[in-house]
Amino acid sequence: MGRRKNLSDFDNGQMIVARLLGRSLSITARLAGCSRSAVVSTYLQWSEEGQTTNRRQDIWRPRRSTVAQVAENFNDGYRSNVSQRTVHRTLLLMGLRSCRSVRVPMLTPVHRRNRLQWARQRRKWTLEDWKKVA
């Protein structure tokens, strides 16, 4: 829910006040639009330090650039131009390849229908039935 979201000071304040008023973790998380663990960590930080700070400000995530963007950035600072093909070849030689998971989920309509059929066949299985499979 709120794992990737930066919480504002207002959201932090809402969580703290809701917890002080005795609201449950689930209700407080729903109110602020974040996870229960975010509520716990925010409230603990406030009770120990007296203030809440955003820890995610220190995190730096590199942006992914296309080959065209890399070539353009490289060509901006030099006299000679480098083609996109040269940049692509050099990146491959350096071992930088596009990331794609090895296992791709079945997304075709045929696969979806088969998965739904499989799930419906096993909908009424008991724990004992699943233990036989595992």
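These legends describe close-up views of a predicted model of one chain.

View 1. The secondary structure consists of 7 helices and 0 strands. Along the sequence the pattern therefore reads α-α-α-α-α-α-α. Of the 134 residues in the chain, 14% are buried. Taking the contacts between residues at least 6 apart in sequence, 38% join residues at least 24 apart.

**View 2. The largest nonpolar core.** This core has 7 residues. They are Leu7, Met15, Ala29, Ala32, Cys34, Ala38 and Val39. At least two residues of the core come from helix H2 (25-32), and at least two from helix H3 (36-49). In soluble globular proteins, nonpolar side chains tend to be buried together.

**View 3. The surroundings of Ala38.** Ala38 is one of the residues of the largest nonpolar core. Leaving aside residues up to four places away in sequence, Ala38 touches Leu7 and Met15. Leu7 and Met15 also belong to this core.

**View 4. Helix H1 against helix H2.** The axes of H1 (residues 9-20) and H2 come within 9 Å and cross at roughly 155 degrees. Angles over 145 degrees count as roughly antiparallel, so H1 is roughly antiparallel to H2. The crossing of H1 past H2 is right-handed. On the H1 side, the contact is made by Asp11, Gln14, Met15, Ala18 and Arg19. On the H2 side, Leu25, Thr28, Leu31 and Ala32 take part. Met15 and Ala32 are also listed in the largest nonpolar core.

Methods
Residues numbered from 1 in each chain as written. Predicted model: local features only at pLDDT ≥ 70, side-chain atom pairs only at ≥ 80, totals over all residues. Heavy atoms only, no water. Helix = DSSP H or I, 4+ residues; strand = E, 2+ residues; numbered from the N terminus. Buried < 20%, exposed > 50% of the residue type's maximum accessible area, 1.4 Å probe, protein only. Contact = heavy atoms within 4.5 Å. Core = buried A, V, L, I, M, F, W, Y, C linked by side-chain atoms within 4.5 Å. Axes fitted to C-alpha atoms, helices over the stretch in contact; angles between N-to-C directions. Parallel < 35°, antiparallel > 145°, perpendicular 65-115°, else oblique. Left-handed = near helix turned anticlockwise from the far one by under 90°.
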